[in-house]
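Dear colleague,

Please find the structure below, handed over for your records. A short account of the findings follows it.

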Amino acid sequence: MTTVRLGTGIGWRPEIADAVEAMPGVDWVEVVAENVCPGHLPESLLRLRERGVTVVPHGVSLGLGGAERPNEGRLTALAERATALGSPLVTEHIAFVRAGGPLTASPGIEAGHLLPVPRTREALDVLCENVRIAQDALPVPLAVENIAALFSWPGEEMTEGQFLYELADRTGVRLLIDVANLHTNHVNRGEDPAKALGELPVEAIAYVHVAGGFERDGVWHDSHAHPVPRPVLDILTDLASRVSPPGVLLERDENFPAPAELERELDAIRGAVEAGARARVVPAPELVPRPAAFEPVTEATRERLALAQTAVLSSLVAGTPVPEGFDRTRMRVQARALAAKRADVVGKVAPELPEILGDGYRPAFLAYAGTRPMTGGYRHDAMAFVEHLLHPGRLDDSRTRRALREWHRDRSGPRPRAHRPTVRLARATRRALLRR
């Protein structure tokens, strides 16, 4: 495997673009792939590229852990962004983000979030084939990220470290290790970060994510909106004591602090890596993927995984019963979190709706989301929500009904009416994707 040395970086976001450009010691940046258009790259990213700063696109919508094969259109889009940015690699997640569809003969539904895949042999077989399909379609190497999770699947056959080792060994894919997600899984699922690191093929690491979060009622929320806590930095030090990470990146998606505070966090990250390097004894060996002839995954295997993932996602977003063996309390927490995220993102994609509905926006949306799963993107969700509200008998206030009808009429035609600020909606949609 060829290792690209990246150094210390930060997630590029439009809200902190100027600060990132002026920040000393930033070797590279990562951008959410779905938030940039290859033909209209932000001027800030172009200036960074001209200075020699590496830009890595980080995808959030492929759903490589899902039962379906990766969508060709999404793979093409990710490849185009890698080419436009001159990136040495691209990254995605080990997660499923949608379910239903042809494999289950049921309507497709979207999570709007990254959800964990079962650590079973069958799920690993599907993931490996999906990763190989993605690798073949991309112009540069692929790295995949471990995710944070609120719940576990019953009947799992491997630990996270074993699962990731098998994945890297069988496919040669690089790993993006998120130490904040290891901390999240420690709090939420009782998984020991040190044990996970001990089982990982650390020599396959492409780079490392570091981020903040918060704990509430015994649940850790990976918010990307809070300072990096000491336990996360300690896990980073442990990782750096085992291998020299090619790159380390600070993620921050909202609630941005002053640039000086971001610089202090980057300094703390550098310090954690240096502390690990001082404790390192034996360099990690090079991982050599085993050459093997891959057996195609059967449709029956994909169908079993599809049915299981659809049952889980339906219980989270459509109010169907929780499948046998899952922690019902954790599933309720996850369901509330998904609904709250939908409400937040739709409110940003369509900021006029909270203005029109006032304090009634959030309870109305949560009531709607409780039994109506998202079947498309967030803009489609906003339209469906308004259509739901405009159904006879659901709105008593005639002024609110008129305003919503006007909003819907303006956006449901082939072209929005010229007097509306449609550019704001497009920009809000791109910003909202950062929360995925």
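A salt bridge is taken here as a side-chain nitrogen of Lys or Arg within 4 Å of a carboxyl oxygen of Asp or Glu. This is a predicted model, in which local features need pLDDT of at least 70 and side-chain atom pairs count only at pLDDT 80 or more, while totals for chains, interfaces and linings use all residues. Residues are numbered from 1 along each chain as its sequence is written, and side-chain values use heavy atoms, with hydrogens and water left out.

Across the whole structure, 23 salt bridges are found. In one of them, Lys 348 pairs with Glu 254, their closest N and O atoms lying 3.5 Å apart. This pair links distant parts of the chain, 94 residues apart: Lys 348 is in helix α11, and Glu 254 is in the loop between β12 (247–250) and α9 (259–279). Helices (H or I, at least four residues) and strands (E, at least two) are DSSP runs, numbered from the N terminus. Lys 348 is partly exposed, at 39% relative accessible area, and Glu 254 is also partly exposed, at 22%; the term covers values between buried (under 20%) and exposed (over 50%), with a 1.4 Å probe and protein chains only. Shared partners join the salt bridges of Arg 69, Glu 129, Glu 299 and Arg 302 into one network.

A second salt bridge connects Arg 189 and Glu 191, with 3.5 Å between the closest N and O atoms. Both Arg 189 and Glu 191 are buried.

Ser 44, in helix α2 (residues 43–50), is buried at 6% relative accessible area.
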